[in-house]
Every structure is written in C-alpha cells, then in structure tokens.
Amino acid sequence: MLKLSSHIIIESDKTWEFTAVHDCVIVEDTATLTDTCELKLPRHITWEGYTSQYHKPPAKRGDRITVKLGYDGDLKVRFSGYVRRIDAKTPITIYCEDGMFLLKQMKAEPKAFKNATLEQIIQHLLKGSNIAFKLIDNNIKIGNWRITKANVSEELQELKEKMMLTAYFRLINGKSVLYIGLKYPFDNRKKGKFQHGKNIISEDFEYRDKDEISVRVEAQSFDKKNKKITYEYGDKDGEVIKIRIDGLTAKELEKYAMQVIERYKQSGFKGNFETFGVPEMSKCDMMEIHASDGNSGTYLIKRNEVSFGINGYRQKIELGDVISTNKTE
C-alpha cells in the first residue's frame, strides 16, 4: 500500500520544515489570477522547540512557502508561494497565495497609452521587479489604455475583464512565471492518460456537439478618431460575450470576435473528474480522457483542486479547451 509523504518548507528569518500535514488543499485555475493553498498542520507540531498548541506560530504574512507532496517519499512540488495569513487556533491553518501575492502589494504606476500592445503594458506594470513574464500570444493589440488601479494585480484583473485575457502564474522549472494572453500556452506542459475503471475515481461529464453550443459575441472599439465601431457575430439567441478593444479597425475587430467564438464553440466534454494524486497534473497540462460512455478525447486542464491528508491524495480536474475528440456513435 502506498504511503502518503509530504514536505512543507517555510522561509522567513529562519527556515522551518515539516514532514507531516493534517490536510492540504491547493486550487489552481486558469480563470483566476491567484492560485491558493490551505494547510492544516498536525496538532502537536513544534516550532523552534515550542509546541504550537500553546504558542503563537512564529511564521508570518509574506513568508515564502513550498509544498511538496507524493507517495513513499517520491515528492513533487505542488505549490510555491507566500503566506497570506495564519489562523493560530488548533489545528493551525496557514492560508497561502502564489506569486500574485506580490503583485497585490506592488503599486501600479499610472500611465495613459495610445495604440498600445499588451507587451508594452505588462513591461510598464512589472518595471523594476524581478518577476518573469511570458506572453501566450504575440502582437496582441490593446489600443488606448489608461492605468488607474491601485496595484498591479487589480490592473491585470481589468485587462482580463475588458480584453478577454487570461493572466496567471505557472511554476516552470521551480520558478514562478506570469503568463498573459488569449489562449492556453503551448510550452512546458505534460500529458496524462485517464481511463474509467482504472484511474478515474468518479466523473461528471456532459458531451456536447459543436452545433449544440450557442454563443454570440458583441464587440466594440473606438478608433484613433474616437469613432465607435461595433461588430456582432454568432448565434442570435446564444450566450452573449461582450468585448471592447479600443484602437482597432473594423477588420481587426471582426477577426478578434471570430477568434473568441472559435474558443467557445468546440465539440467535446464539459465537466470534471476525480483521480488519484499521481500522475501529478497542473493547469494548462494535456489529458487523454476515456470516459464511461465510450467517448474519448484530449483536453487541456482549466482547473485542478488537489487535496492531501487523512482522507488520501486526490485531484479534482476540470476540463478546459478541446484538443481532439473521438465520439462513439
């Protein structure tokens, strides 16, 4: 029988290391800016020789934290970030966030851009920091843009909401890298295979054909002369997706709207499934799925909730974009 293994490292004025944890829940999601980790430590754990049952833990907000999980001593880094807050009640609970924690503390320097690219805006927002970033798509035009938010995280959220972008950190070769763009990245992703009756514990899938998905995009832009341009594309009675991108021509706006529709109208499964802790999967990775109804396909991971502790080691994975499908007739 496989034995659960863990290694928690907290770095502050000194370094604390724990090889036991009561419960751990890690949530990583391409739809949100911030990945989170919640740790419940064993009741009788010690810090610097003091029993945590009677003393406030010496760790504090902003300390670096690394969480390694696995079976039989074969450990993989599942989370790297910072302590957001600590609940000192027994059992001690540590709430953590990934690299976005730093961007929530980083002031966004106000600036007005004309006909800006995404790269120009991100370079300005991260100026003077040591935070690495990668554009998922090259040459994304943002148009006219004014930075008004208090911190960099809020400004990224504004870009997400108004420009239909994604922004999140990925752990690449042990280093946190901020990814920003329209689609899933193609680099640094592995592939896992999951099959009903083998390593799919439970599944909640719905198969939908592309023709059954009803979506309409309502796009608008203000050109260089502040003239409003609008374009609608898709199904008349479909779910409405509204986008605004200033500084584009009518042709550029039309192309952008059609790309958005293509992202949403894809045949395949929607839903999630539960599997064991290995193979270790992360958001943006690829999965080959063989479901109980005989349908199969390859998908990207939109969201993964990792749970580890007294109830075992599990992953609850939500399917993202479709790579390919094989529908059973």
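What you're looking at is a predicted model, where local features need pLDDT of at least 70 and side-chain atom pairs count only at pLDDT 80 or more, while totals for chains, interfaces and linings use all residues. Residues are numbered from 1 along each chain as its sequence is written, and side-chain values use heavy atoms, with hydrogens and water left out.

**A hairpin**

Let's start with strand S13, residues 166-172. Strands here are DSSP runs of E with at least two residues, numbered from the N terminus. Six of the seven residues in S13 are buried, so the rest of the structure largely encloses this strand. "Buried" means under 20% relative accessible area, worked out with a 1.4 Å probe on protein chains only.

The partner of S13 is strand S14 (residues 175-181), which runs antiparallel to S13 and is joined to it by seven bridges. Within this pair, phenylalanine 169 sits opposite leucine 178 of S14. Two residues lie between the strands of the hairpin, and asparagine 173 has a positive phi near 50 degrees there.

**A three-stranded sheet**

Next up is an open sheet with mixed pairing, in the order S18-S17-S19. Its edge strands, S18 (228-234) and S19 (239-244), each pair on one side only. On average, neighbouring strands of this sheet are turned by 15 degrees against each other, direction ignored. The angles come from axes, which are lines fitted to C-alpha atoms, and run from 0 to 180 degrees between N-to-C directions. To count as paired, two strands need at least two bridges found by DSSP. Strand S17 (residues 215-222) pairs with S19 in the parallel sense over six bridges, and glutamine 220 stands opposite arginine 244 in S19.

Most residues other than glycine have a negative phi, and most peptide bonds are trans.

| Cis peptide bond | Omega |
|---|---|
| threonine 90 to proline 91 | about -5 degrees |
| valine 278 to proline 279 | near 0 degrees |

Where do you find proline 91? Look in the loop between strand S8 (74-87) and strand S9 (93-97). Proline 279 is in the loop between strand S20 (268-276) and strand S21 (286-290).

That loop between S20 and S21 also holds cysteine 284. Cysteine 284 isn't a glycine, yet its phi is positive, at about 80 degrees. Is cysteine 284 buried or exposed? Cysteine 284 is buried, with a relative accessible area of 0%. Aspartate 72, in the loop between strand S7 (64-71) and S8, has a positive phi too, near 50 degrees.

How values were computed:
Buried < 20%, exposed > 50% of the residue type's maximum accessible area, 1.4 Å probe, protein only. Helix = DSSP H or I, 4+ residues; strand = E, 2+ residues; numbered from the N terminus.
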